[in-house]
Amino acid sequence: MSIDLSLDRISRLASQLPPYSRPTIHVAGTNGKGSVTSILSSIILASGFTVGRFNSPHLVSVEDSILINEKSVSSQDYSVARTAIESADREHGTAVSSFELLTLTALHIFEKAGVDVVVIEVGMGGRLDATNVIPDECILLSALTTVDLDHQAFLGNTVELIAKEKTGIARRDKPFILGIQKYAAVENVARAVVHQAGGHFIPTQSAQRRAWDETVDGPLPPTLSLDAESFSPPPPQPIAFTSSAFPNGLSALLFLNGAHQVDNLSVALTVISTLMTYQLCVSRMPNGFSKRVTENIQTGIRNATWRGRLSFHQLTLSLPTSRAITVLVDGAHNPASSETLSSYLSTLVTMLDNNPRSRILRLTYILALSHSPPKTPKETLSPLLTVRSGTRLSIQTEVAAVRFTPPEGMPWVKSVPPSEIAAVVRGSVSGIGLWVAPDGDEIQGQLEGALEWAVTKEPGISGIDEDGVQQLVIVAGSLYLVADFYRLLAKQPDSDR
């Protein structure tokens, strides 16, 4: 079944199932919604409450999309719930889509577990997304992260049209929190839609980056090193936040990488503040929610993780001699998220540029893209090919183009041919090193081949000893390629997972 955005099928089936009653936070957006849900879930769990979280698409297995207390549900629990939903679907002839089945399976699991709070990420759009089947009385509040151009074939060709679809999750008498936006038009559209729905519009209150304070944050971490044998990650981001729920201010460390995550944290903290102060929310929250959150929110922020988004890993390749490499994995799959990845790489360049021992950074991209018109490969790839050298640090860039393993149950998702990716790279940057997987051969082994090429080719650097060279392999372009990487990583017992 191809994508058919509608609530008709899922609403009919949901009416035949045991009712869903969990207090739920509903999050839409083009980019950032997964990060916001992970921060929210981490804060709620750290505060001593049980929490369900639903994200899509999954990374490695479908169970990864349904979490209780930050752990994927078991295959058995998933299978039992899925079987029940499929049986009801057959009995009532509703013929729901695979994503609708997954959504109802998640809701069934959360209801059976009786979790205190559920955090739901919209699949695509909002108004007609399967997750919008959740009853009004269950919704605590809705939130919208950054809106940008993506999925235009389904949501509209302008930011305004896309924002209208995504704001369609607004509910009567419930708060609607709008995240920090790139386009001013998004706020105008969101305000109008929320007003029409009878909701309460709340703009996000911004968290701020602050200087490192050893009395609050502890000793400053070691200097960044990308060497796999002595890897030292970028330091966490010190933040400050003030709201009516935190009038004396909140200081915390955010371990999610990238300046954009401060904006996502801002949305999450505005959500938490609203749950603590908005009367309709306060009355639905578990006893002692505000007190326990106030006591534990810093731990929740610190513990937040979001796999596959600016995530560092060390991978050991079995070559003629064993070789460990540092890999940065990111699901950047549209122009906006590619710009975010590029900006983060520029931040890494600045950090390394301040280290006199670092002379050259070898950036090796391993890229795969989904075929998703009208979005073009050039639009997505262009930001990645513009990372500039620092004052001392020079950059050597290479690209490997591959395909990803097709996701189960989604036959409409197809890889852009590697030759097409290579043509865009050649047309954008002259003299760049390229490794191109075949367009038509078996997909299995393409990622492994690209990784081996990244570490075995001649560096082409003269006059610089190896101590002055740092290498970073970047796996990006599609979450499905990121999933392939995590499957590979899981096979290595000594590797960081």
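Me: Which residue forms a salt bridge with Arg-171, and how far apart are the closest N and O atoms?

Reply: A salt bridge is a side-chain nitrogen of Lys or Arg within 4 Å of a carboxyl oxygen of Asp or Glu. Here Arg-171 pairs with Asp-136, and their closest N and O atoms are 2.5 Å apart. The two residues lie 35 residues apart and link distant parts of the chain: Arg-171 is in the loop between helix 6 (159-166) and strand 7 (175-178), Asp-136 in the loop between strand 5 (117-121) and strand 6 (139-144). Helices (H or I, at least four residues) and strands (E, at least two) are DSSP runs, numbered from the N terminus. This is a predicted model, in which local features need pLDDT of at least 70 and side-chain atom pairs count only at pLDDT 80 or more, while totals for chains, interfaces and linings use all residues. Residues are numbered from 1 along each chain as its sequence is written, and side-chain values use heavy atoms, with hydrogens and water left out.

Me: Is Arg-171 buried or exposed?

Reply: Buried means under 20% relative accessible area, exposed over 50%, and partly exposed in between (1.4 Å probe, protein chains only). Arg-171 has 6% relative accessibility and counts as buried.

Me: What separates Arg-487 and Asp-484 in helix 16?

Reply: An α-helix has 3.6 residues a turn, so residues three or four places apart point the same way. Arg-487 and Asp-484 are three residues apart in helix 16 (residues 479-490), which means about one helical turn separates them. Their side chains meet in a salt bridge of 2.8 Å, N to O. Arg-487 is partly exposed at 31%, and Asp-484 is buried at 11%. Elsewhere, salt bridges that share partners join Asp-148, Lys-182 and Glu-339 into one network.

Me: How many disulfides does the structure hold?

Reply: A disulfide is a pair of cysteine sulfur atoms within 2.5 Å. The structure holds zero. For Cys-138, the closest cysteine sulfur is in Cys-281, 13 Å away, so the distance is too far for a bond. Both cysteines are buried: Cys-138 at 2% and Cys-281 at 1%.

Me: How many of the residues of helix 15 are buried?

Reply: Helix 15 (residues 446-456) is mostly covered, with eight of its eleven residues buried. Among them are Leu-447, Leu-451, Trp-453 and Val-455.

Me: What can be said of the whole protein chain?

Reply: The protein chain has 16 helices and 17 strands. Its radius of gyration is 23 Å, close to the 23 Å that the globule rule gives for 497 residues, so the chain is as compact as a globular protein of that length. The radius is taken over C-alpha atoms, and the rule is 2.2 Å times the number of residues to the power 0.38. The C-alpha trace spans about 70 × 55 × 45 Å along its principal axes. Of the 497 residues, 55% count as buried.
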